[in-house]
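Here is a short briefing on how two protein chains meet. Look over the sequence and the structure first.

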Amino acid sequence: MDCKEIRKLLISDYADNEIGLKTKQIIQGHLSNCPACRELEQKVASLSNKLKEAKEILPAEEVWQKIRAEITQPQEAFNLLDWLKDKLSLFIPPKRLAYAYAASAIMILFVFLFITQTRGNREKTVENYIIEQVEFMDSLDAAGITNGLYIEPDIFS
Amino acid sequence: MKDIPLELIQRAADKDIQAFEEIYKGCCGFVYSVALKILNNNQDAQDVTQDVFVKLYNSLKGFNFKSSFKTWLYRITANSAINAYNKRKRETIPRVDFEAIKDTLAAPEKQDYLKQENEKKLDSMMDILPAQQKACLTLREIQGLSYQEIARALKVNKNSVRTWLRRARKTLIDN
Ligand SMILES: [Zn+2]
């Protein structure tokens with residue numbers, strides 16, 4: 001291995017202990033003969049130490065209060081959406097239901113905005129909303145949250 | 001992050017708020033710290049923390065007990081923080097409030113001054129990295145996750161993790 005390959009490993013696999021014993025020994029052999037690569041190894045180690053020094057920080061007390069308030073909100077009032085959800089979930093798998101909700105929410109929004117807003121305003125709001133909605137669905141998907149439960153679109157909340 | 005007993009997760013899934021508060025206490029440091037490293041802004045990191053735990057609470061019922069709770073939390077946290085970062089980038093120029101971050105730390109002592117200055121410098125350097133690179137570096141260096149675990153959390157392959165870590169370190173070392 002030449003310096004270039006060694007340096008690549010020094011800032012990834014070697015630093016992160018994701019390397020086989022044999023390669024590790026080759027690198028260590030190289031390091032004992034090459035001051036330039038040794039210097040890089042030390043820089044990587046010092047960066048790592050600096051990052052590790054940053055201790056875990058706790059969020060402010062009020063964050064839990066806000067979470068608690070949000071998850072314990074009473075939901076007694078009759079909610080058309082919940083009612084529909086119950087009825088619909090008999091027929092449609094939950095994951096697809098989430099998308100169906102997003103789609104219908106977007107449609108309702110379009111109609112609403114069409115009636116109430118001027119053209120320029122309308123486009124801006126719709127664009128922002130759609131970006132947000134798609135991102136929201138994306139993040140749920142990425143988080144695996146849409147598996148096995150249904151999701152309320154946040155437009156009505 | 002502390003290990004969360006399965007029994008606690010089950011109780012929280014059954015809407016036991018006290019059990020959920022225990023989970024919060026065990027993991028909020030992790031969630032907030034990762035969000036803070038990625039967003040470099042106290043208020044945004046608090047918003048992400050709130051968001052993550054509300055999502056968590058609402059979806060505990062669907063939690064598949066075969067998969068690891070930690071992996072799952074890594075994933076929601078990293079994704080929420082990256083999403084918030086990208087959204088902010090699209091909407092405004094990046095804002096940095098080091099002072100607010102430092103306010104949440106313990107009162108500074110004189111001998112800690114140099115260390116704090118170094119931390120500030122590192123924070124502002126990290127701020128120039130793309131969100132994914134920051135997430136990789138934080139999960140690797142601060143939380144000690146393996147490439148495989150980071151790949152799972154970010155839903156990418158191991159090679160992307162390797163490449164992002166290389167780029168992040170190169171930028172931080174060269175600057
Ligand atoms: Zn060399």
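The points below cover the interface between the two chains.

This is a predicted model: local features need pLDDT of at least 70, side-chain atom pairs count only at pLDDT 80 or more, and totals for chains, interfaces and linings use all residues. Residues are numbered from 1 along each chain as its sequence is written, chains are lettered from A in the order in which they are written, and side-chain values use heavy atoms, without hydrogens and water.

**Extent**
- In chain A, 42 residues are in contact with 49 residues of chain B (heavy atoms within 4.5 Å).
- About 4500 Å² is buried between chain A and chain B, and carbon and sulfur atoms give 62% of that (accessible area, 1.4 Å probe, lost on being put together, summed over both parts).
- Leu51(A), Ile57(A) and Trp64(A) supply 15% of the area that chain A buries against chain B, more than any other three residues.

- The interface of chain A and chain B holds 4 salt bridges (a side-chain nitrogen of Lys or Arg within 4 Å of a carboxyl oxygen of Asp or Glu).
- Lys52(A) and Glu141(B) form a salt bridge through their side chains, at 3.2 Å from N to O.

**Helix packing**
- H4(A) packs on helix H3 (residues 42-59) of chain B at an angle of about 35°, with the axes 10 Å apart (helices are DSSP runs, H or I, of at least four residues; axes are lines fitted to C-alpha atoms over the stretch in contact, and angles run from 0 to 180 degrees between N-to-C directions).
- Residues making this contact include Ile67(A) of H4(A) and Phe53(B) of H3(B).

Conventions. Buried area is the accessible area (1.4 Å probe) that two parts lose on being put together, summed over both. Helices (H or I, at least four residues) and strands (E, at least two) are DSSP runs, numbered from the N terminus.
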